[in-house]
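Let's take a walk through a protein model together. Keep the sequence and the 3D view open, and find each residue as we get to it.

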Amino acid sequence: MARSLAAPMWGDAVQHGVIAQLILDNQGLFSSWQPFAEYQTLSIHFGVSALSAGLVWLSGIETVRAVLWIGQIVNILAVLGLYPLALSLWDGDAWAGTLSVLIAGFVSSVPAIYLNWGRYAQLSGQAALMAVLWLVLASLKFWTRSDSLKRSQIGKNLLRLLAVGLGAAGMSLSYYRMPLFLGFFMAAWLAGWLVSSAVQGSRFDIGFFLRFWLAVGLLALVSAGSAGPWIPQMFSTRLFSYVQAGIDALASGSNALALLQKDYAVWLHPEYYYPPFVTGL
């Protein structure tokens, strides 16, 4: 379907293309958006634009085409990235990984619908999220072992932390909402782990519990530190002022219920995103 398009669809892709072209023109990140706009700061996520600029540099194709094709490559990676994550969650069960990929790639309209939507920054963040989740779970698995704090294991575990930090920074610079996705996933995973341990009657292991929270804290610190240089840039954006205005409106109680109902109305229509089979599953 992408072959017949002259350019990526929807408005976000225009911005991706502009940022990619400015990266090429400046041979790296930039401040001035001239000649496209009057902006003098770069504060938005730029992961998919950097990938697109890299494809132009490697192949020589037009920037507009590069954004379109990078969007489709990331679309594929978002599906394939489910395989190792499913294996990690299902103790190496290859069927879990295979079914996850088949459902996401051939049954669900998401992520294929991103071709129509053009929100490739969000899609690239979600594709990176699969890798970061796998890294986080793998790191937690090693850090919670009884021998994880021995001198022979510390070096390997620190390297795992570094990989998670770099992955989380790249994920966040691809799309700013991704740390929220990561946090909610980890909260759900932790709740599931606690429930399953209680059901199986596992004896509470205080050592495991302490090592687990040590690992979570270190992962959070390394991830924040990796993205640290960019955090002031993020907080200087209009986006964050809009978020703050929304929070203030809810806190004041003025039309708070109406605002929430409007935001969550789409939840009444899961068929927009998933076929009945996937919704039921």
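What follows is a tour of a predicted model, one spot at a time.

Let's start before helix 1, with Trp-10, which is found in the segment before that helix. Its phi is positive, about 75°, even though Trp-10 isn't a glycine. Why point that out? Most residues other than glycine have a negative phi. Trp-10 has a relative accessibility of 49%, so it counts as partly exposed, given that exposed means over 50%.

Asp-91 shows a positive phi too, near 55°, and again this is a residue other than glycine. You'll find Asp-91 in the loop between helix 4 (82-89) and helix 5. With a relative accessible area of 76%, Asp-91 is exposed.

Now for the peptide bonds. Gln-34 and Pro-35 are joined by a cis peptide bond, with omega at about 5°. Pro-35 sits in the loop between helix 1 (12-26) and helix 2 (47-59). Another cis bond runs from Val-110 to Pro-111, where omega is near 15°. Pro-111 is in a loop as well, the one between helix 5 and helix 6 (114-117).

Next, look for rings. How many aromatic pairs does a search of the whole structure find? It turns up five. One of them is Phe-30 with Trp-33: the ring centres are 5.6 Å apart and the planes meet at 80°, so this pair is edge-to-face. The cut-off behind that label is an angle over 60 degrees. Phe-30 is buried, at 7% relative accessible area, and Trp-33 counts as buried at 6%. Tyr-39 joins in here: ring pairs link Phe-30, Trp-33 and Tyr-39 into a cluster.

Tyr-264 and Trp-267 also form an edge-to-face pair, with 5.3 Å from centre to centre and 75° between the planes. Are these two tucked away or out in the open? Tyr-264 is partly exposed, with a relative accessible area of 46%, while Trp-267 is exposed at 65%.

Rings can have charged neighbours, too. Arg-160 lies over the face of Phe-142, 3.6 Å from the ring centre.

Side chains of opposite charge can pair when their charged atoms come close. How many salt bridges does the count come to? The answer is one. It's the side chains of Arg-119 and Asp-12 that meet, at 3.3 Å from N to O. Arg-119 lies in the loop between helix 6 and helix 7, and Asp-12 is in helix 1, so this pair ties together parts that are 107 residues apart in sequence. Asp-12 itself counts as partly exposed, at 25% relative accessibility.

Move along into helix 7 (residues 120-143), and you'll come to Gln-122. Is Gln-122 buried or exposed? With a relative accessibility of 10%, Gln-122 counts as buried, because buried means under 20%. Its side chain makes a polar contact with the side chain of Tyr-175, at 3.2 Å.

Now turn to the surface. Trp-95, Leu-99, Leu-102, Phe-106, Val-107, Phe-277 and Leu-281 form a nonpolar patch there, and together they have about 830 Å² of accessible area. Which helix gives the most to this patch? That would be helix 5 (residues 94-107), with five residues. Leu-99, for example, has its place in helix 5, and at 44% relative accessibility it counts as partly exposed.

Our last stop gives you a sense of distance. Find Gln-244, which is in helix 12 (residues 238-252). Gln-244 is partly exposed, with a relative accessible area of 42%.

Key: Residues numbered from 1 in each chain as written. Predicted model: local features only at pLDDT ≥ 70, side-chain atom pairs only at ≥ 80, totals over all residues. Heavy atoms only, no water. Patch = residues over 30% accessible without salt bridge, like charges linked within 9 Å, V, L, I, M, F, W, Y side chains within 5 Å. Areas by Shrake-Rupley, 256 points an atom, 1.4 Å probe, with all protein chains shown as cover. Salt bridge = Lys/Arg side-chain N within 4 Å of Asp/Glu carboxyl O. Helix = DSSP H or I, 4+ residues; strand = E, 2+ residues; numbered from the N terminus. Buried < 20%, exposed > 50% of the residue type's maximum accessible area, 1.4 Å probe, protein only. Phe/Tyr/Trp six-rings, centres within 6.5 Å; stacked < 30°, edge-to-face > 60°. Lys NZ or Arg CZ within 6 Å of the ring centre and 35° of its normal. Polar contact = N/O pair within 3.5 Å; in protein donor to acceptor, adjacent residues only side chain to side chain.
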